[in-house]
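Hi there,

Here is the structure I promised to pass on to you. Have a look at it first, and then read my notes below.

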Amino acid sequence: MDHYSPIDLHCHSTASDGTLSPTDLLARAADKRVRVLALTDHDTVSGLDEAVAAARDLDIHLVPGAELSCQWNGRDLHVLGLDIDPANPRLLKGLAGIRAYRERRLQAIADKLETRGVPGMADAARDLCDGGMPTRTHLARALLNAGRVRTMQEAFDRYLRQGKSAWVKAEWPDMESVIELIHAAGGKAVLAHPLAYGMTGAWLRRTLAAFGEAGGEAVEVVCGNTDRQRVDNALGQTLRAGLQGSLGSDFHGPANPWIELGRLRPLPPAVTPVWEDRREIRQAIGS
Ligand code: AMP
Ligand code: MN
Ligand code: MN
Ligand code: MN
């Protein structure tokens with residue numbers, strides 16, 4: 001059964017690894033009857049001006065956001081900053097540092113690919129990202145376009161995933177410092193897709209405890225394409241950690257038929273929504 005939510009607080013545009021421009025993304029959100037949308041590109045706010053303008057024309061409430069890459073205890077985690085000020089100088093400086101790292105990593109991954117007989121992927125990926133934030137998704141698309149793999153999934157499984165031949169150990173900022181950056185920019189910190197890190201329940205519990213201790217506000221309890229059981233699991237962990245809840249599809253574009261803007265189960269009533277203190281949002285979604 002399909003579930004349609006009037007609020008979706010996680011998606012990507014061509015400013016990072018999404019395939020729709022911010023304008024096209026907002027048009028699609030309107031078509032799916034989303035009333036409140038957060039644009040959360042990887043480590044960048046460069047799509048937000050265009051998104052804000054497009055949202056105004058469509059009468060959608062646009063929440064300015066970003067999905068920040070970080071690490072905690074040797075694990076890579078994603079933390080969403082919601083309702084951030086995109087002009088905050090500390091945030092911009094932090095994001096510039098991550099961009100510089102991502103550009104070095106793109107080259108390092110492409111160098112590994114070259115030693116495995118796949119040359120030219122750095123330039124190909126740079127062309128695809130067209131000024132947006134470079135990600136492994138762009139490298140996967142470059143491998144696909146070059147006929148080196150048949151699917152994006154195969155690009156990750158053969159080359160790009162942790163432990164595979166072109167994996168480069170990430171050097172993201174630590175979790176505490178990205179939460180601090182988000183707070184400096186006036187935003188709330190939400191741990192994205194808690195069940196996507198391949199952690200045991202015990203490790204997730206430790207991660208959420210550390211996230212709360214570092215000042216993080218909420219957990220993305222409902223993600224795109226998650227079943228009831230996973231929602232219940234994430235909900236239980238979130239409540240135990242005393243954190244608020246959020247929901248988001250993590251939409252990257254229409255190519256993936258399983259993920260759609262606003263196609264989300266409702267946030268369970270047991271958890272306090274991260275937008276509880278935002279009257280405009282409550283009004284926009286009628287809650
Ligand atoms: P990066 O932040 O550069 O490490 O790239 C991570 C991005 O790659 C994620 O945000 C996903 O969009 C994408 N990704 C990760 N794993 C896979 C996968 N197995 N198949 C397709 N896309 C993936
Ligand atoms: Mn992505
Ligand atoms: Mn993510
Ligand atoms: Mn995402």
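**Around the metal site**

His-42 has a relative accessibility of 8%, so it counts as buried, the cut-off being under 20%. Please keep in mind that this is a predicted model.

What does His-42 do in the model? Together with Asp-17 and His-252, His-42 coordinates the manganese ion (ligand 2). His-42 and His-252 each use their NE2 atom, while Asp-17 uses OD, at 2.2 Å. Along the sequence, these donor residues follow the spacing D-x24-H-x209-H. Asp-17 and His-42 link distant parts of the chain, 25 residues apart. You will find Asp-17 in the loop between strand S1 (7–8) and helix H1 (22–31), and His-42 in the loop between strand S2 (36–39) and helix H2 (48–58). Is Asp-17 buried or exposed? Asp-17 is buried, because its relative accessible area of 4% falls under 20%.

There is also a manganese ion listed as ligand 3, and how far apart are the two ions? The manganese ion (ligand 2) and the manganese ion (ligand 3) are 5.7 Å apart.

His-10 is buried, with a relative accessible area of 0%. The side chain of His-10 makes a polar contact of 3.4 Å with the side chain of His-12. Leaving out residues up to four places away in sequence, His-10 touches several others, including Ala-38, Thr-40, Glu-67, His-193 and Asp-250.

Enjoy exploring!

Best wishes

Conventions. Residues numbered from 1 in each chain as written. Chains lettered and ligands numbered in written order. Predicted model: local features only at pLDDT ≥ 70, side-chain atom pairs only at ≥ 80, totals over all residues. Heavy atoms only, no water. Donors = N, O, S within 2.8 Å, 3.2 Å for Na, K, Ca; no water. Helix = DSSP H or I, 4+ residues; strand = E, 2+ residues; numbered from the N terminus. Buried < 20%, exposed > 50% of the residue type's maximum accessible area, 1.4 Å probe, protein only. Polar contact = N/O pair within 3.5 Å; in protein donor to acceptor, adjacent residues only side chain to side chain. Contact = heavy atoms within 4.5 Å.
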